[in-house]
Amino acid sequence: MIRRGLVLGSGGVAGIAWQTGLLAGLLEGNVDVLDADVIVGTSAGATVAAQITSGTPLRELLDRQVDPALQAPELLSVLDTEERMDLFLEAHDGAADALDVRRRIGAMALAAPTVAEAERRAVIEARLPSHCWPRSELKIVAVDAETGAERVFDSAAGVDLVDAVAASCAAPGAWPPVAIDGRRYIDGEIRTRENADLAAGCDQILVLQVMAVPGNTDLDDQVAVLRERGSEVSVIRPDDVAASAIGPDLLDPSVRESAARAGHAQGLAAALAVAGFWR
């Protein structure tokens, strides 16, 4: 029995739009990857994962991205992209190892000025068509802001789905850390942007990578290990049109329509190739 995994990576509201469009385009091209046995969602990918496992038709999810009248309300970060980047560079400077980097980013996130946690949670609630965990195997990744340890939420964790997604989407410096069971959690991308290794054990793994960071080889390294262990892995990244539509600020809600439409067109164009892989 072939076991398949779908990995949805981080990428802000722009990444939500592009991934939703791409999945809808694939489906329109007769490739339904929503039947994956395991779905791993990180940050934007956590939102998309919760949406596509809710039972809501993909066409409806796409309409929510491209129709301004249906778009969920979004907030603007107190800190702009450049200010957040400066904080990240400061956290990396002099860090002992990757775990130390996560702890330092967590400390920065806990101290950063942001909107109130309840206000941000309301945004996540509005994004999700269902607030119940699906029957399918869904893994949502976050990071403990104090210890830097990863936390993988699933239906057995006893954690509200909205809280799990909010934690995975808590971009440091942009949104407040999320309190769960006495701990505070930040964006799962602080572990890695896709966390593809959490799909280990699947025979076929499709990964959607919204943005490759220059010099960051996390996904390449994870894919190499997965392949060494016998998994077939395919990675889809935004094509030139989609990358232009997404733009430099992944948190900019104004690009949702263009990013989703570009993703949809890319999904249609990629359907034949993906069909040969997703068998």
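Which residue forms a salt bridge with Asp-220? The partner is Arg-237, with the closest N and O atoms 3.8 Å apart; a salt bridge here is a side-chain nitrogen of Lys or Arg within 4 Å of a carboxyl oxygen of Asp or Glu. Asp-220 lies in helix 8 (residues 218-228) and Arg-237 in the loop between strand 8 (232-236) and helix 9 (240-246), so the pair ties together parts that are 17 residues apart in sequence. Helices (H or I, at least four residues) and strands (E, at least two) are DSSP runs, numbered from the N terminus.

This is a predicted model, in which local features need pLDDT of at least 70 and side-chain atom pairs count only at pLDDT 80 or more, while totals for chains, interfaces and linings use all residues. Residues are numbered from 1 along each chain as its sequence is written, and side-chain values use heavy atoms, with hydrogens and water left out.

The count of salt bridges comes to 19. In one of them, the side chains of Arg-121 and Asp-160 meet at 3.3 Å, N to O. Arg-121 sits in helix 6 (residues 117-127), and Asp-160 in the loop between strand 4 (150-153) and helix 7 (161-168), 39 residues apart.

The count of disulfides (pairs of cysteine sulfur atoms within 2.5 Å) is 0. Cys-132 is in no disulfide, and the nearest cysteine sulfur, that of Cys-169, is 18 Å away. Cys-132 is exposed, with a relative accessible area of 58%, whereas Cys-169 is buried at 4%. Buried means under 20% relative accessible area, exposed over 50%, and partly exposed in between (1.4 Å probe, protein chains only).
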